[in-house]
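Subject: Structure for you to look at

Hello,

Here is the structure I said I would pass on. Please open it first and keep it beside this email while you read what was found.

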Amino acid sequence: MRKAIVIAAVAASVCLLGGCDFIRTLAGRPVSHEIEAKREMIEQQAADVERKKDSLERVASQERERIRKWVTDSLALEDSLRRSGDDVVKSSERMGVSSAALTSRYYVMIGAFSSSANAARQAARAEKAGYNATVIPLKNGISAVGVCATNSLTEVCNALKKVRQEPFCPADAWILKND
């Protein structure tokens with residue numbers, strides 16, 4: 001009986017002195033410092049994920065704002081051109097252009113000809129000056145010549161200003177909007 005009391009006292013003192021880590025070590029389980037290290041690693045990973053998520057949200061927000069500004073600016077520019085009274089922007093639908101013939105949203109139009117040969121000559125003059133020219137057939141049999149095809153209203157407005165300074169360009173050059 002004394003042996004059992006001594007063994008129990010030794011076991012109790014070992015548990016009190018060694019705590020749970022001793023028992024965990026005997027059981028092959030992680031001890032408190034390993035558990036704490038694992039907890040810190042998990043918290044660090046969670047913080048990294050949160051930082052990445054915040055970064056992605058910030059980039060997405062900036063991209064949404066950039067697109068909103070671009071759309072707003074384009075609409076404001078188009079509205080301004082429409083209100084100017086000058087018939088600078090004309091709809092492809094109004095002009096009788098088949099949308100299938102157009103690959104871009106905007107074109108600077110530098111002429112419309114009843115003769116396709118005259119349209120080809122105007123296109124050749126534009127290409128000689130370094131512009132990519134497109135002959136666009138209208139539904140009424142007229143052939144129009146367009147240059148500076150783009151999907152940006154701002155770009156086509158800048159191109160119109162530049163093209164109007166070229167010797168081959170008529171003073172009444174205009175922008176075709178592919179509806």
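A residue is called buried when its relative accessible area is under 20%, exposed when the value is over 50%, and partly exposed in between. By that rule, tyrosine 131 and phenylalanine 168 are both buried. Please keep in mind that this is a predicted model.

The aromatic pair

One aromatic pair is present in the structure. Its members are tyrosine 131 and phenylalanine 168, with ring centres 5.7 Å apart and planes at 65 degrees. Planes over 60 degrees apart count as edge-to-face, so this pair is edge-to-face. Tyrosine 131 sits in the loop between H4 and strand S3 (133–137), while phenylalanine 168 sits in the loop between H5 and S5. The pair therefore ties together parts that are 37 residues apart in sequence.

The chain as a whole

The protein chain has five helices and five strands. Along the sequence they come in the pattern α-α-β-α-β-α-β-β-α-β. Of the 179 residues in the chain, 27% are buried. Among contacts with a separation of 6 or more, 69% are between residues 24 or more positions apart. The accessible surface of the chain is about 12,300 Å², and carbon and sulfur atoms account for 57% of that surface.

The nonpolar cores

The largest nonpolar core has 22 residues, and Val108, Ile110, Val147 and Val163 have the most contacts inside it. S2, helix H4 (116–128), strand S4 (143–150) and helix H5 (153–163) are the elements that each give two or more residues to this core. H5 gives the largest share, six residues. Another core, of eight residues, lies apart from it and includes Met109, Leu138, Ala144 and Leu176.

Leaving aside neighbours within four places in sequence, valine 163 is in contact with Val108, Ile110, Tyr131, Val147, Cys148, Phe168 and Cys169. Both members of the aromatic pair, Tyr131 and Phe168, are in that list.

Strands S2 and S5

S2 and S5 pair in the antiparallel sense, over four bridges. In one of these, tyrosine 106 has lysine 177 of S5 as its bridge partner. In a regular strand the side chains alternate between the two faces of the sheet. In S5 (residues 174–177), Trp174 and Leu176 point one way and Ile175 and Lys177 point the other way. All four are buried.

Serine 104 is in the loop between helix H3 (92–95) and strand S2 (106–113). Is serine 104 buried or exposed? Its relative accessible area is 13%, so serine 104 is buried. Beyond its neighbours within four places in sequence, serine 104 is in contact with Ala149, Thr150, Asn151 and Asn178.

Serine 152 is in the loop between S4 and H5. With a relative accessible area of 11%, serine 152 is buried. The side chain of serine 152 reaches the backbone nitrogen of glutamate 155 at 3.2 Å.

Glutamate 166 is in the loop between H5 and S5. Its relative accessible area is 23%, so glutamate 166 is partly exposed. Not counting residues up to four places away in sequence, glutamate 166 touches Ala129 and Tyr131. The C-alpha atoms of glutamate 166 and alanine 126 are separated by 8.9 Å, although these residues are 40 residues apart along the chain.

Regards

Terms used
Residues are numbered from 1 along each chain as its sequence is written. This is a predicted model: local features need pLDDT of at least 70, side-chain atom pairs count only at pLDDT 80 or more; totals for chains, interfaces and linings use all residues. Side-chain values use heavy atoms; hydrogens and water are left out. Buried means under 20% relative accessible area, exposed over 50%, partly exposed in between (1.4 Å probe, protein chains only). Contact means heavy atoms within 4.5 Å. Two strands pair if DSSP finds at least two bridges between them. A nonpolar core is a set of buried Ala, Val, Leu, Ile, Met, Phe, Trp, Tyr and Cys residues joined through side-chain atoms within 4.5 Å. Rings of Phe, Tyr and Trp (its six-membered ring) pair if their centres lie within 6.5 Å; planes under 30 degrees apart count as stacked, over 60 as edge-to-face and the rest as tilted. A polar contact is a pair of N or O atoms within 3.5 Å; within protein, one must be able to donate a hydrogen and the other to accept it, and residues adjacent in sequence count only if both atoms are side-chain atoms. Accessible areas come from the Shrake-Rupley method with a 1.4 Å probe; for residues, only the protein chains shown count as cover.
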